[in-house]
Amino acid sequence: MNFDLKKITRPNIWNLVPYSTARDEYKGKSGIFLDANENSFGSPLEKDYSRYPDPIQVDLKEKLGKIKGLRAEHIFLGNGSDEAIDLLFRSFCEPGVDNVIICTPTYGMYEVAANINNVAVRKVSLIPETFQLDEQAVLKAVDDQTKLIFVCSPNNPTGNIISNLSILTLLQNFSGIVVLDEAYINYASSPSMIPELLRFPNLVVLQTMSKAWGLAGLRLGMAFASEPIIDLLNKVKAPYNVNVLTQELVFEALDNLSLVNNRIKETVAERKKMATAFLSFPFVKKVYPSEANFLLVKVDQAQQLFQFLQKNKIIVRDRTAVSLCEGCLRFTIGTPNENSEVINILKSFEA
Ligand SMILES: *Cc1c(COP(=O)(O)O)cnc(C)c1O
């Protein structure tokens, strides 16, 4: 693998001179700030939001970095992981020319972001039933125009971890970027691949505050990568992409690591309980092993079950139309009470 960041970056992005914010020029915290055309009289609210947020989120990155074992220079923060995904396309993929590989069935946003950016998508199927990577098929789909390979682990909607060995094979044999989406890694029994960033300059790891941290409404996604890749993403992003409230509230939330870890344990225990409970129903054909906060369940008459659940105000994700997930519904793991209620209602479903 000979990775050359300049070679895979769009030339206009490589040469881009980023927008320089007013605060880039003065680092002091006190003073009379008349440089950004903000409203010095303040906000019409109890709390003052009249000042622009820190464009590179220094305090938040430092605190996050301690938890993740990374220096701030290796961290990009965005308006959800979705922003990081979009920025990867905009930084590396020339519209109408380049392509990316996704390993299906997987998270839908990779393809949507590709379509928005007019970038071709090459779909390589995961191995049926085990949903593991066919790394030789993935590498065979690569050509000179392939810039990104997306791997989601634990994978959505299947729930399984992708074997580390096959991800390493991609990293070793692909001279573009492997984007490893670890949105659900906190629920998995195997660790994050963040430590591999030291060995592989072509690895980008995505994580999010939306799942295990329970902060989906605040929109904070993270990308971890080499410093030059992070610099590129920072250059392309909107200058003030993470708002003041999000930065403050996530900063505060990070003090509650043990609470979050306890809830992860409880979710994993509920996942086991739910998997067993599902299997007791005659209309359940298979519960796929999951290392995430959801279960993919194969049932008889999936459409009818989906409608039945919805009538009973239980909303799950219908994956029946997804190739290799035929007949499957995806159930997020709820609270113990919610889960018991789901099981109770399922008792009255007649397939
Ligand atoms: C939920 C999810 C995310 C999170 O996206 P955000 O924009 O950070 O909320 C990312 N990747 C996958 C695979 C997901 O399922």
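This report walks through a predicted model of a protein with a ligand, starting at the ligand and then moving out to the strands, the loops and a few single residues.

## Around the ligand

Let's begin with the ligand. Which residues come nearest to it? There are 14 residues around the ligand, and the nearest are Tyr 184, Thr 208, Ser 210, Lys 211 and Arg 219. If you sort the shell by class, you get 5 nonpolar, 5 polar and 4 charged residues.

| Residue | Atom in the side chain | Distance to an oxygen atom of the ligand |
|---|---|---|
| Asn 156 | N or O atom | 2.9 Å |
| Tyr 184 | polar atom | 2.6 Å |
| Arg 219 | polar atom | 2.6 Å |

How much of the ligand does the protein cover? On its own, the ligand has 390 Å² of accessible area, and the protein covers 94% of that.

Now have a look at strand β4, which spans residues 146-152. Is β4 mostly covered or mostly open? It's mostly covered, with 7 of its 7 residues buried.

Strand β4 pairs with β2 and also with β5. Strand β2 (residues 99-104) runs parallel to β4, and 4 bridges join the two. You can find a spot in this pairing where Ile 101 stands opposite Ile 149 of β4. Strand β5 (residues 177-181) is parallel to β4 too, and here the count is 5 bridges. In this pairing, Phe 150 faces Val 179 of β5.

How does the chain get from β4 to β5? It passes through helix α7, residues 164-173, and this β-α-β crossover is right-handed.

While you're looking at strands, here's a handy rule: side chains in a regular strand alternate between the two faces of the sheet.

The bond from Ser 153 to Pro 154 is cis, with omega near -5 degrees. The bond from Asn 156 to Pro 157 is cis as well, with omega near 15 degrees. Asn 156 is also a residue with a side-chain N or O atom 2.9 Å from a ligand oxygen.

Why point these out? Because most peptide bonds are trans, and most residues other than glycine have a negative phi.

## Two positive phi values

Gln 57 isn't a glycine, but its phi is positive, near 50 degrees. You'll find Gln 57 in the loop between α2 (11-14) and α3 (58-68). Is Gln 57 buried or exposed? Its relative accessibility is 1%, so Gln 57 counts as buried.

Arg 219 has a positive phi as well, near 60 degrees. This residue sits in the loop between β6 (203-208) and β7 (221-224). Arg 219 has a relative accessibility of 30%, which means that it counts as partly exposed. That accessibility considers protein chains only as cover, and Arg 219 is also among the residues that come nearest to the ligand.

## An open sheet of four strands

Next comes an open sheet with 4 strands in the order β8-β9-β11-β10, and the pairing is antiparallel. Which strands are at the edges? They are β8 (284-287) and β10 (317-318), and each of these pairs on one side only. Further in, β9 (residues 294-299) and β11 (residues 328-332) pair in the antiparallel sense over 5 bridges. In that pairing, Lys 298 has Cys 328 of β11 as its bridge partner.

Phe 308 belongs to helix α11, residues 302-311. With a relative accessibility of 18%, it counts as buried, because the cut-off for buried is under 20%. Now look for Phe 349: it is 41 residues from Phe 308 in sequence, but their C-alpha atoms are 7.4 Å apart in space.

Finally, find Thr 9 in the loop between α1 (5-8) and α2. Its relative accessibility is 3%, so Thr 9 counts as buried. What does its side chain reach? It reaches the backbone oxygen of Leu 5, at 2.6 Å.

Conventions:
Residues numbered from 1 in each chain as written. Predicted model: local features only at pLDDT ≥ 70, side-chain atom pairs only at ≥ 80, totals over all residues. Heavy atoms only, no water. Near = heavy atom within 4 Å. Polar contact = N/O pair within 3.5 Å; in protein donor to acceptor, adjacent residues only side chain to side chain. Areas by Shrake-Rupley, 256 points an atom, 1.4 Å probe, with all protein chains shown as cover. Nonpolar A, V, L, I, M, F, W, Y, C, P; charged D, E, K, R; others polar. Buried < 20%, exposed > 50% of the residue type's maximum accessible area, 1.4 Å probe, protein only. Pairing = 2+ DSSP bridges. Right-handed = clockwise from strand over helix to strand, strands pointing away.
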